[in-house]
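Me: I have the sequence and the model open on my screen. Could you walk me through it, starting with a helix and its buried residues?

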Amino acid sequence: MEKIKIAMMSMTHGHTRKYYDVLKNNPKLEWIAVATANDEVKEIFLNSVQGIPCYDSEEEMLDAHPEIEAVVLASENSEHLRQVKLCAERGIDVLSMKIPTFDMDEYAEMQKVVRDSGIVLQIELELHYNPVVIRMKELIENKVFGEMDAFNATNITLSPVWAFPWQGVPELSYGRRVPIKEGHEKFRGGALCDHPHIFDMIREVTNSEFDVIFAKVAPNIRHDIEEEDMLAVVGRMKNGVVFSLDPSWSRAEHRLKVPGPGWEVAPKRMEVNIVIHGDEGSTFVDCFGPNTYHNGSPDNAYIVQYTYFDEWVGLVDEFVENIRTRRAPKINLDWHKNTIIAMNAVYESIATGKAVKL
């Protein structure tokens, strides 16, 4: 199979650096170029990767390399619609970061652009390709725990705001400036916007949709950012499964401009843990273990090395297959829409103090 000629845009998203090894080493890809959004991310990229042409303008990159077939949109959420239109005009397939947009009118416009142009647009939700999660789904499908009664999940991390400042700007993360609730000093666009994975995964494993959602926001542990960093969500799926979800930035971090060893104040950078309860048993799933641990001397910062790249390889392999066979991705805009609707319902519940019926 001929290699996919691929590029990246913006380079401002927290997942950007996870693609460096995959795009360089995946034998199914030929990494053509990048376009960076500003001088700061350009410098970081040029210090990290050699031999890949770097442009200041997306149009300049695409004009210089008409051979580009696909693009990874590693950009702020507010840029996605514009960039999808740019790619669609040139027939370029897209791997989009995990939040296409929170504005449902924009979302519908994006769906139309993709449908009319015929491009492949796949949403990056890498948890689907995690080997531990794949095993969990096999056990659920085989009814090892009987019929599922309850789903509990945490998706808790450090805050990426210090390394990727746009994630601390409500207009760029959520898309507009909306207070969490009347009289509240914080705005939508924080931890919830960074953590759609568990909202997506419960839909996947229950084969059901959200029915009722109730959410509360906690006082921030980061008082100097404008958005929420701690919240909790409970509710029920349409098939009766009850759930509790914690999509918080509850890990404290050293505020480094480039994430790396020494960023951790808490023991782990991130945890995605899922507990499944069935009428015949339960299981606890640590989605990012096993890990390698180090005491962090001489700075006494406890360091964890994760086994990230298994899921990124699977995600990109599927993207390649979707492009070559012109197959609609499983995680496409139509599938992902109900996840975004549910996340907006979380904000609505926080604002009103009431449960939201979907």
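Reply: In helix H4, the buried residues are His-80, Leu-81, Gln-83, Val-84, Leu-86, Cys-87 and Ala-88, where buried means under 20% relative accessible area, exposed means over 50% and partly exposed lies in between, with a 1.4 Å probe and protein chains only. Helices (H or I, at least four residues) and strands (E, at least two) are DSSP runs numbered from the N terminus. This is a predicted model, in which local features need pLDDT of at least 70 and side-chain atom pairs count only at pLDDT 80 or more, while totals for chains, interfaces and linings use all residues. Residues are numbered from 1 along each chain as its sequence is written, and side-chain values use heavy atoms, with hydrogens and water left out.

Me: Why is H4 called largely enclosed by the rest of the structure?
Reply: Because seven of the ten residues of H4 (residues 80-89) are buried.

Me: What do the buried residues of H4 pack against?
Reply: They pack against S1, helix H3 (58-64), S4, S5, helix H5 (104-117) and S6, a contact being heavy atoms within 4.5 Å. Just after H4, Gly-91 takes a positive phi of about 70°.

Me: Moving on to S7, is it mostly covered or mostly open?
Reply: Strand S7 (residues 148-157) is mostly covered, with eight of its ten residues buried. S7 pairs with strand S11 (residues 270-278) in the antiparallel sense over nine bridges, with Ala-150 opposite His-277 in S11. Five bridges also join S7 to strand S10 (residues 242-246), in parallel, and there Thr-154 stands opposite Asp-246.

Me: New topic, aromatics. How many aromatic pairs are there?
Reply: The count comes to eight, where rings of Phe, Tyr and Trp (its six-membered ring) pair if their centres lie within 6.5 Å, and planes under 30 degrees apart count as stacked, over 60 as edge-to-face and the rest as tilted. One of them is the edge-to-face pair of Tyr-174 and Tyr-347, at 5.4 Å centre to centre with 80° between the planes. This pair links distant parts of the chain, 173 residues apart, with Tyr-174 in the loop between helix H7 (170-173) and helix H8 (191-194) and Tyr-347 in helix H11 (residues 333-352).

Me: Are Tyr-174 and Tyr-347 buried or exposed?
Reply: Tyr-174 is buried at a relative accessible area of 5%, and Tyr-347 counts as buried at 0%.

Notes:
Pairing = 2+ DSSP bridges.
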